[in-house]
Amino acid sequence: TVTKRLGLGRTVVLSILVSGAALLLVPLAEGARWLVYATLASSQVLFGLSVPVYNINQVSLRQTITPHRLQGRMNASMRFIVWGTMPLGALAGGFLGSAIGVRPTMALAAAGSLLAVLWVALSPVRGLERHPEVVEEVPGVSV
């Protein structure tokens, strides 16, 4: 797999970078119809391949480093942060799209997505070769 070849940290950084770059292709799609279609299809393929790789690895990492007794809280908090901000982003996107146009709004959204790379690339995660040891053993459960 990608993670075995690149290591956990590099895979997380690369996959979030590729997903952001894929989004950047959307506002850049212009020209002949076939070129627009090819650009949008490339964007979808890159995004569709990179996001699951990122999600599988980052969720596995979070589950590994979070004590068992806090798994529910951690997962609920992450879902609130990620899913809870989506309506705000949709609202901001609608306002921006009306104010500056759809293409510039899509470019800003893609740039914002690319900024997410910094959180991971500047963290200790980027140096991880594999998942760390489980933080807390649960009696009767083998990991």
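Biologist: Among contacts between residues at least 6 apart in sequence, what share joins residues at least 24 apart?
Modeller: That share is 73% in the protein chain, where contact means heavy atoms within 4.5 Å. Please note that this is a predicted model, in which local features need pLDDT of at least 70 and side-chain atom pairs count only at pLDDT 80 or more, while totals for chains, interfaces and linings use all residues. Residues are numbered from 1 along each chain as its sequence is written, and side-chain values use heavy atoms, with hydrogens and water left out.

Biologist: How many helices and strands does the chain have?
Modeller: The protein chain has six helices and zero strands; these are DSSP runs, with helices being H or I of at least four residues and strands E of at least two, numbered from the N terminus.

Biologist: Turning to N57, is it buried or exposed?
Modeller: N57 counts as buried because its relative accessibility is 7%. Buried means under 20% relative accessible area, exposed over 50%, and partly exposed in between, using a 1.4 Å probe and protein chains only.

Biologist: Where does N57 lie, and which residues does it touch?
Modeller: N57 is part of helix α3, residues 33-65. Leaving aside residues up to four places away in sequence, N57 touches T3, L8, T11, V12 and H131.

Biologist: And W83, buried or exposed?
Modeller: W83 counts as exposed, at 54% relative accessibility. W83 is located in helix α4.
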